[in-house]
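This report describes a chain through its confidence, its domains and the packing of its helices. The sequence and the model are shown first.

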Amino acid sequence: MIQHSFDVNTNPNNAVSDASLRHAREVSKKIRAAIAADPGDFRMLTGDRPTGNLHIGHYFGSLRNRVELQRAGVDSWVLIADYQVITDRDSAGPIRERTYSLLTDYLSVGLDPQKTTFFAHSQLPELNELMLPFLSLVTDAELRRNPTVKAELDATHGRPMSALLLTYPVHQAADILFCKANIVPVGKDQLPHLEQARVIADRFESRYGHGSLPAPIFRRPQALLSEAETVLGLDGNKMSKSRGNTIELRMDADETAKLIRRAVTDSQRFITYDPQNRPEVANLLLLTALATGGKPEEIAEEIGNGGAGMLKSMLTEALNEHLAPIRERRRQLQDNRDYLDTVLKAGIAKAREQAQETLREVHRALDIVF
Ligand code: TRP
C-alpha cells in the first residue's frame with residue numbers, strides 16, 4: 001500500500017518505491033476504464049510551473065494526454081503554478097510572460113477554454129488560505145522525508161531549505177483539494193504529492209470534522225500516470241531546456257531541422273530499434289513514431305541501410321508536419337493578448353468561486369463562521 005510510503009524512506013535516491021509505482025499504475029488503469037464508461041464522474045486537475053516554453057517532451061508525455069481527457073468529456077482544470085516557481089529558485093524570472101507563453105502552448109495543442117478551466121494559483125487567495133489549516137495537519141519530519149521535497153532540495157545545489165520549499169507539498173495539496181479534482185495526470189515524481197494530499201484530506205475530516213461531517217469535504221485525488229514512453233533529448237540525455245537538447249513547440253520548421261541534424265546517433269549504419277543498446281537511435285525512432293502514429297520497429301525496418309541521415313530526415317518531416325497546425329495556432333494566439341487575458345480571467349473567476357465554496361466548508365468544519 002502506498003499509504004505508508006512516507007513513513008520509511010529506504011530509498012537512497014529519493015525515488016518513489018517500486019511498490020507504490022506498481023500500485024499507482026494499477027489504479028491508473030482502472031481509472032482509464034472508468035473514464036471510458038462515465039467521464040462525468042471525473043474532474044481532472046493538472047498543471048505546470050511557468051519556467052520556460054513547453055517542448056515536445058511535454059507534448060508527447062503529457063499535453064496530448066490532457067487533450068485526450070478533455071475530448072473524452074472529463075471536466076478539465078489546468079493550473080499555472082506561478083507561486084511554485086519561487087520554491088527552489090531565487091527569483092521568479094519573467095513569470096508574467098512565461099505564464100502567457102504557457103497558456104498559448106495549452107491553447108495551441110487543442111485545450112479548449114470552453115471545456116478546460118485555466119488559472120494561475122497565485123490569483124486565488126482562498127486557495128492559499130487553505131494552506132493554514134492544512135499546515136496544522138502535517139509534521140515537519142514528514143515533510144523532510146517527502147521525496148519530492150528532497151529531490152527539489154538536491155536540485156538547488158546547497159541552497160538552504162526555505163520554509164516554502166519544505167511546505168510546498170502542502171501548498172500543492174491545497175491546489176488539488178480546493179477544486180475537488182479526483183484525477184491528477186502527473187509523472188511518477190509527483191506521486192508523493194498526491195499521497196500527501198490524500199493524507200491531509202483524511203486528517204482534516206477526522207480531526208476537524210470529528211468524524212461527523214454531513215458529507216466529506218474533499219475528494220481523494222488519484223494520480224493518472226501517463227502511458228506514453230518517456231522521450232529523451234536529442235543527445236540521448238534527459239530532455240531539458242537547459243541542455244539545449246529539445247525542440248520547443250514555439251520553434252519553426254527550420255530550427256527544428258537544424259536541431260535534428262545535430263542529434264546524436266551512433267556509428268552503426270544499419271538502423272535497428274534497440275532501446276537497450278542503441279538508446280539515441282531508438283529515441284529518434286520513437287519520436288518519429290509518436291509524430292506519425294506508426295511503430296518504431298517498423299520505421300527502423302523501412303530505413304534499414306538508409307542510415308542516420310535518412311532517420312533524421314524522416315523525423316524532421318514527421319515532426320514538422322505534426323506540429324504545423326499547432327505552430328500555426330500558436331502564431332495567431334501569441335499576438336492576441338486580449339484573448340489570452342479573457343481566457344485567463346474567466347478561468348480565474350471560475351476557479352475562485354470553487355475555492356470560496358471549499359473555504360466556506362472548511363471554515364464551517366472548523367467552527368469559525370462569524
Ligand atoms: N509540481 C508540479 C510541477 O512541478 C506543478 C503543479 C503545481 C501541479 N500544482 C499542481 C501539478 C497541482 C498537478 C496538480 O510540474
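## Basis of the description

Axes are lines fitted to C-alpha atoms, for helices over the stretch in contact, and angles run from 0 to 180 degrees between N-to-C directions. Helices (H or I, at least four residues) and strands (E, at least two) are DSSP runs, numbered from the N terminus.

The model is predicted, so that local features need pLDDT of at least 70 and side-chain atom pairs count only at pLDDT 80 or more, while totals for chains, interfaces and linings use all residues. Residues are numbered from 1 along each chain as its sequence is written, and side-chain values use heavy atoms, with hydrogens and water left out.

## Confidence

The chain has a mean pLDDT (the predictor's confidence in each residue, from 0 to 100) of 92, and 96% of its residues reach 70 or more. Over residues 1-13, pLDDT stays under 50. For this segment the model has 17 contacts (heavy atoms within 4.5 Å) beyond four places in sequence. Where pLDDT is low, the predicted coordinates should not be read in detail.

## Domains

Domain bounds come from an automatic or database domain assignment, which gives domain 1 (18-228 + 337-366) and domain 2 (241-334). Their C-alpha centres lie 31 Å apart. Between them, 17 residues of domain 1 are in contact with 17 residues of domain 2.

## Packing against helix α7

Helix α6 (residues 147-155) packs with α7 at an angle of about 145°, the axes being 9 Å apart. Thr148, Val149, Glu152 and Leu153 of α6 make the contact with Leu165, Leu166, Tyr168 and Pro169 of α7. These residues divide into 6 nonpolar, 1 polar and 1 charged, where Ala, Val, Leu, Ile, Met, Phe, Trp, Tyr, Cys and Pro count as nonpolar, Asp, Glu, Lys and Arg as charged, and the others, Gly among them, as polar.

Helix α4 (residues 125-135) also approaches α7 (residues 163-178): their axes come within 9 Å and cross at roughly 120°. The two helices are therefore oblique to each other, given that angles under 35 degrees count as roughly parallel, over 145 as roughly antiparallel, 65 to 115 as roughly perpendicular and the rest as oblique. The crossing of α4 and α7 is right-handed. By class, their contact has 10 nonpolar, 3 polar and 1 charged residues.

## Helix α13

Helix α3 (residues 95-109) and α13 have axes 11 Å apart and pack at about 85°, which makes α3 roughly perpendicular to α13. The contact joins Glu97, Thr99, Tyr100, Leu103, Thr104 and Leu107 of α3 to Arg337, Tyr339, Leu340, Asp341, Val343 and Leu344 of α13. It has 7 nonpolar, 2 polar and 3 charged residues.

Glutamate 361 lies in α13, which spans residues 337-366. Leaving aside neighbours within four places in sequence, glutamate 361 is in contact with Lys180 and Ile217.

Notes:
Left-handed = near helix turned anticlockwise from the far one by under 90°.
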